[in-house]
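Biologist: I'm new to this one. Could you walk me through it?

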Protein chains: 2
Amino acid sequence: MTFADRLDAALERVRTPALVGIDPHLDLLPPAFAVAREARAPRAERAAAVETFCKELIDLVSGTVAAVKPQSAFFEVLGADGAVAWERVVAHARAAGLLVIGDVKRSDIASTAAAYATAFLEGLPGTTHEHLCDAITLNPYLGSDSLVPFVDACKRANAGLFVLVRTSNEKSAEFQAHGEPRLCERVADVVHALGAELVGSSGYSSIGAVVGATHPEELERLRRRMPRAVLLLPGYGAQGASARDVRAAFPDARKRWRGALVNSSRGVAFAWREKQHANSSWQDASRFALEAMVGELRAALD
Amino acid sequence: MTFADRLDAALERVRTPALVGIDPHLDLLPPAFAVAREARAPRAERAAAVETFCKELIDLVSGTVAAVKPQSAFFEVLGADGAVAWERVVAHARAAGLLVIGDVKRSDIASTAAAYATAFLEGLPGTTHEHLCDAITLNPYLGSDSLVPFVDACKRANAGLFVLVRTSNEKSAEFQAHGEPRLCERVADVVHALGAELVGSSGYSSIGAVVGATHPEELERLRRRMPRAVLLLPGYGAQGASARDVRAAFPDARKRWRGALVNSSRGVAFAWREKQHANSSWQDASRFALEAMVGELRAALD
């Protein structure tokens with residue numbers, strides 16, 4: 001079953017497009033995991049604390065959402081010990097029945113891209129595969145030939161991609177809106193073309209796109225250029241986008257949980273830092289924040 | 001001492017802009033390291049073979065070149081075991097007196113970019129730092145705010161960056177030459193501006209750029225837009241660029257080893273696969289190939 005079809009089936013079960021980002025920023029972890037910030041603690045111990053936090057976060061969102069999106073940078077910061085934690089966290093999420101979108105934003109020329117595709121999506125022959133991602137994010141700057149090895153890997157491994165088209169950060173227009181048509185529109189056309197061969201029975205393609213929820217007007221235009229792509233929408237919550245801003249991403253008016261994922265990272269993982277949750281455990285704060293997000297999305301999208 | 005100044009001093013010693021890429025592609029390793037390809041071998045053993053190959057390659061190029069450029073993808077393909085090998089290979093190169101340019105092509109929004117900068121350039125407080133890179137490659141697609149956390153880290157850690165401006169792959173023009181002026185020219189202007197504060201006493205900035213040697217006419221135009229940037233030129237050898245193609249990268253007519261690095265990865269590391277080296281050990285083949293490259297560059301640039 002293709003990635004897009006597996007995702008569609010999972011979304012049909014949970015009936016929410018909410019996606020939880022697993023961004024274990026060392027400085028934001030709950031006090032119980034303070035050892036992760038301890039300069040005197042061995043690096044392996046710090047990575048183990050990150051691993052435990054991520055696993056607990058995964059356990060409390062599984063069942064509510066279809067997928068999680070671990071952010072590689074916050075594991076890489078712990079070097080080889082972080083790489084061990086990454087593999088265990090990904091394996092834990094998959095074992096919990098969640099789809100895993102590795103937020104790795106890799107990019108390289110074709111022969112090197114193929115190695116990244118093996119690393120994250122296909123696995124080396126002979127190695128265990130439970131730590132592989134169902135899908136990863138990619139940066140398109142190098143051109144479509146840098147994306148093709150990943151697309152080929154997706155065909156073989158039933159995996160998926162989310163290509164950065166329009167990101168949610170403040171200066172994202174600097175290069176992404178350059179030229180006429182805007183660069184992001186050209187990238188969107190390439191994503192649509194590359195995805196044609198990977199459209200599953202759900203009608204969605206396993207070659208998706210990242211489009212920041214912080215640009216609602218562009219989201220609508222880009223959705224028209226990529227009618228089959230699953231859209232991954234960052235920027236919800238901490239970055240200022242609202243549930244109403246993401247409406248245009250959902251093509252199925254009767255089932256506004258199909259075809260797109262709305263990501264919240266800090267808003268869920270680090271909800272315990274918000275005043276309103278001052279009297280809750282970090283777990284309850286995250287649970288409440290996720291429930292609130294699911295409710296908000298339901299109200300705005302129905 | 002800034003990265004650009006350390007690099008300039010090292011180039012002054014070796015008097016060649018040759019840069020050796022450390023791309024341990026499992027399928028291309030010499031027969032002595034065949035265990036790295038063995039599906040039945042434990043992953044840690046395969047990663048150890050990669051590590052040994054890279055260290056031997058580093059030992060035979062140190063003294064001849066100023067820097068090496070390990071490619072992260074070929075370590076990541078071995079997962080957490082590859083991450084261990086990466087740290088040891090980087091540490092080995094630094095201990096051998098080489099500057100290390102980590103070819104990681106990372107990119108993300110600011111808060112995440114800061115974690116990558118810590119991972120590769122600054123190191124977490126309390127952890128050992130011998131596995132950190134002197135510089136890394138970055139992908140600019142997200143915009144200048146995604147580059148700034150890396151620039152800030154470079155100021156604090158005397159590290160360097162090579163931002164992808166124009167790459168050497170076949171379809172690199174698809175997005176990089178989009179618009180008027182071409183996107184890569186806008187990126188070049190941002191690189192020049194970001195680098196202004198990091199110009200050392202050598203006259204070069206620690207914020208450099210990747211410009212494919214496969215586009216000699218553009219190389220000249222882009223060099224004019226980034227007069228202070230150290231240029232990293234991929235595409236030499238295996239990708240078809242010649243020593244003459246890179247001439248425009250070198251601003252100092254009397255010292256055409258300053259201000260740019262000409263990379264060869266497979267051409268040196270896997271020279272043993274070429275017919276002309278059929279009767280040599282892989283070490284001799286690599287040594288000969290590097291000497292030939294150094295000689296070619298000297299002849300074409302003088």
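Below, we take the structure one question at a time, keeping in mind that it is a predicted model.

Biologist: Now the interface. Which element of chain B gives the most residues to the side that touches chain A?

Modeller: On that side, 50 residues of chain B are in contact with 50 residues of chain A. By class, chain B's side has 21 nonpolar, 18 polar and 11 charged residues. The elements giving two or more residues are α3, α4, α5, α6, α7 and α8 of chain B. The one that gives the most, with 6 residues, is α5(B).

Biologist: What percentage of the interface residues of chain B are also interface residues in chain A?

Modeller: The copies meet through the same surface, because the share of chain B's interface residues that are also interface residues in chain A is 100%.

Biologist: α4(A) and α4(B) pack together. Are they roughly parallel or antiparallel to each other?

Modeller: Their axes are 8 Å apart, at an angle of about 175°. Angles over 145 degrees count as roughly antiparallel. The contact is made by A:Gly79, A:Ala80, A:Ala83, A:Val84 and A:Glu87 of α4(A), and by B:Gly79, B:Ala80, B:Ala83, B:Val84 and B:Glu87 of α4(B). So the two helices are roughly antiparallel.

Biologist: And which class has 6 residues in that contact?

Modeller: Between α4(A) and α4(B), 2 of the contact residues are polar and 2 are charged. The class with 6 residues is nonpolar.

Biologist: Over to α2(A). Which elements do its buried residues pack against?

Modeller: Helix α2(A) has 19 residues and spans 27 Å from its first C-alpha to its last, close to the 27 Å expected. Its buried residues include A:Arg46, A:Glu51, A:Phe53, A:Leu57 and A:Val61. They pack against β1, β2, α4, α10 and α11 of chain A.

Biologist: Which residue takes a positive phi just after α2(A)?

Modeller: Helix α2(A) covers residues 43–61. Just after it, a phi of about 95° is taken by A:Gly63.

Conventions
Residues numbered from 1 in each chain as written. Chains lettered and ligands numbered in written order. Predicted model: local features only at pLDDT ≥ 70, side-chain atom pairs only at ≥ 80, totals over all residues. Axes fitted to C-alpha atoms, helices over the stretch in contact; angles between N-to-C directions. Helix = DSSP H or I, 4+ residues; strand = E, 2+ residues; numbered from the N terminus. Parallel < 35°, antiparallel > 145°, perpendicular 65-115°, else oblique. Contact = placed C-beta atoms within 7 Å. Nonpolar A, V, L, I, M, F, W, Y, C, P; charged D, E, K, R; others polar. Expected span 1.5 Å × (residues − 1). Buried ≥ 20, exposed ≤ 12 C-beta atoms within 10 Å, placed from the backbone.
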